Amino acid sequence: MTNSPKFGVIGGGSWATAIVKMLTENLDTINWYMRSKTAIEHIRTQDHNPNYLSSVEFDVNQLNLSNDINEIVEASDYLIFAIPSAFVKKELDQLNVSLKDKVIFSAIKGIVPESSLIVGEHFNQEYGVLDENFGVITGPCHAEEVALERLSYLTIACLDEAKAKIMADHLQSDYITCKTSDDVTGTEYAAMLKNIYAIAAGIAHGLGYGDNFQSVLMSNAIREMKKFIKKVHKMKRNINDSAYLGDLLVTGYSVFSRNRMFGNMIGKGYTVKSAQMEMSMVAEGYYATESAYKINQEKGAKTPIINAVYAILYEGKNPKKVFNKLAEKLD
């Protein structure tokens, strides 16, 4: 690897677009893979992504765009994966270039459905990526606010502190503040779990619960998150740090939160399928709910909120009845 590593971004959605924008503040060239040839041509001629964060204008001279994932992987030392977890396997199945010598950072907030593994474990078991070559990029940070250049915060987690620092330095700018962490597993699980709790917040809103209930729901959610993460990866961490509590709050409350939006539709009476069809973006928490529920069947943490969301999304239980029971368990 060179002294000045080359960066590549995998994904063409809003979060990938936001990450590319962050990198353009610090790099002359960013390698960028997206599967849509039409979107690539649009960026080359119109300077913006036609489908996501279209207000962000790029200097196309900074972008090496390709719809060949192998080309972008081969050209990059540091790779940031920013695709929905449901599509990770499909995209990686196209690879014929090894990832073993690459530094991988995941901006994916969910579980790989086919393997039921968090992304770091999936890369390790399926592609031989060493633990010290894998990291996580987590919030609280909405792509839409990055587009507006509103002050936002990122936590960059990696067991190799030097690699975390390199990534942080290349994402930081006047409107992005980065800090590093060594809690890779904990931050990745937190990024997954907060989407489930955001769905719960959305369901509550759709059912007509008010701010008082929402505040109790979120305070219970952070305690539940702490119990769950402690079961899967015990280490010293402060659950009130922004990577855990902060990311949970912004995802649970923000109008930009697709998981809250999805939950709101469920609370208002949409079926799961109809809500998914109406949304233009993937609600990661839907897939995360099943994975978290199954993982916890073995781990045994007390997770009434996850259980409630699972009952609604996967067992077809009535949201109103489920939340009436859930409300009795919260304190």
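Helix α14 is followed by Gly-316, whose phi is positive, near 70 degrees. Helices (H or I, at least four residues) and strands (E, at least two) are DSSP runs, numbered from the N terminus. The model is predicted: local features need pLDDT of at least 70, side-chain atom pairs count only at pLDDT 80 or more, and totals for chains, interfaces and linings use all residues. Residues are numbered from 1 along each chain as its sequence is written, and side-chain values use heavy atoms, without hydrogens and water.

Helix α14 spans residues 304–314 and is mostly covered. Nine of its 11 residues are buried (under 20% relative accessible area, with exposed over 50% and partly exposed in between; 1.4 Å probe, protein chains only). Among them are Pro-304, Tyr-310 and Leu-313. The cover over the buried residues of α14 includes α8, α9 (211–232), α11, α12 (272–278), α13 (284–299) and α15 (319–329). Contact here means heavy atoms within 4.5 Å.

Eight strands form an open sheet with mixed pairing. Their order is β3-β2-β1-β4-β5-β8-β9-β10. Two strands pair if DSSP finds at least two bridges between them. Strands β3 (63–66) and β10 (176–181) stand at the edges. Each has a single partner strand, so one side of each is left without a neighbour in the sheet. From one strand to the next, the twist averages 20 degrees. Axes are lines fitted to C-alpha atoms, for helices over the stretch in contact, and angles run from 0 to 180 degrees between N-to-C directions.

Strand β1 (residues 7–10) runs parallel to strand β4 (residues 78–81), and four bridges join them. Val-9 stands opposite Ile-80 in β4. Helix α7 (residues 161–171) packs on the sheet. This helix touches β1, β4, β5, β8, β9 and β10, and its direction makes about 155 degrees with that of β9.

Strand β8 covers residues 134–138, and five of its five residues are buried. Phe-134, Val-136 and Thr-138 point one way from β8, while Gly-135 and Ile-137 point the other way. Strand β5 (residues 103–106) pairs with β8 in the parallel sense over three bridges. The bridge partner of Phe-105 in β8 is Gly-135. Strand β9 (residues 152–158) runs antiparallel to β8, with four bridges between them. Thr-138 stands opposite Thr-155 in β9. Helix α8 lies across β5, β8, β9 and β10, running at about 40 degrees to β8.

The largest pocket holds about 790 Å³ of space. Its lining has 39 residues, and the closest to its centre are Gly-13, Ser-14, Trp-15, Pro-84 and Arg-258. On a 1 Å grid over the protein atoms alone, a pocket is an open set of points where a 1.4 Å probe fits, with protein on both sides within 12 Å along at least five of seven lines; lining residues have an atom within 4 Å of a point. Grid points are joined across faces, edges and corners, and a volume is the space filled by probe spheres set on the points. Helices α1 (14–24), α6 (143–147), α8 (184–207), α10 (242–253) and α11 (258–267) each supply at least two lining residues. The lining has 18 nonpolar, 13 polar and eight charged residues. Ala, Val, Leu, Ile, Met, Phe, Trp, Tyr, Cys and Pro count as nonpolar, Asp, Glu, Lys and Arg as charged, and the others, Gly among them, as polar.

The second largest pocket holds about 250 Å³ of space. Of its 13 lining residues, Glu-121, Asp-131, Leu-159, Val-184 and Thr-185 lie nearest its centre. Helices α5 (119–127) and α8 each supply at least two residues of this lining.
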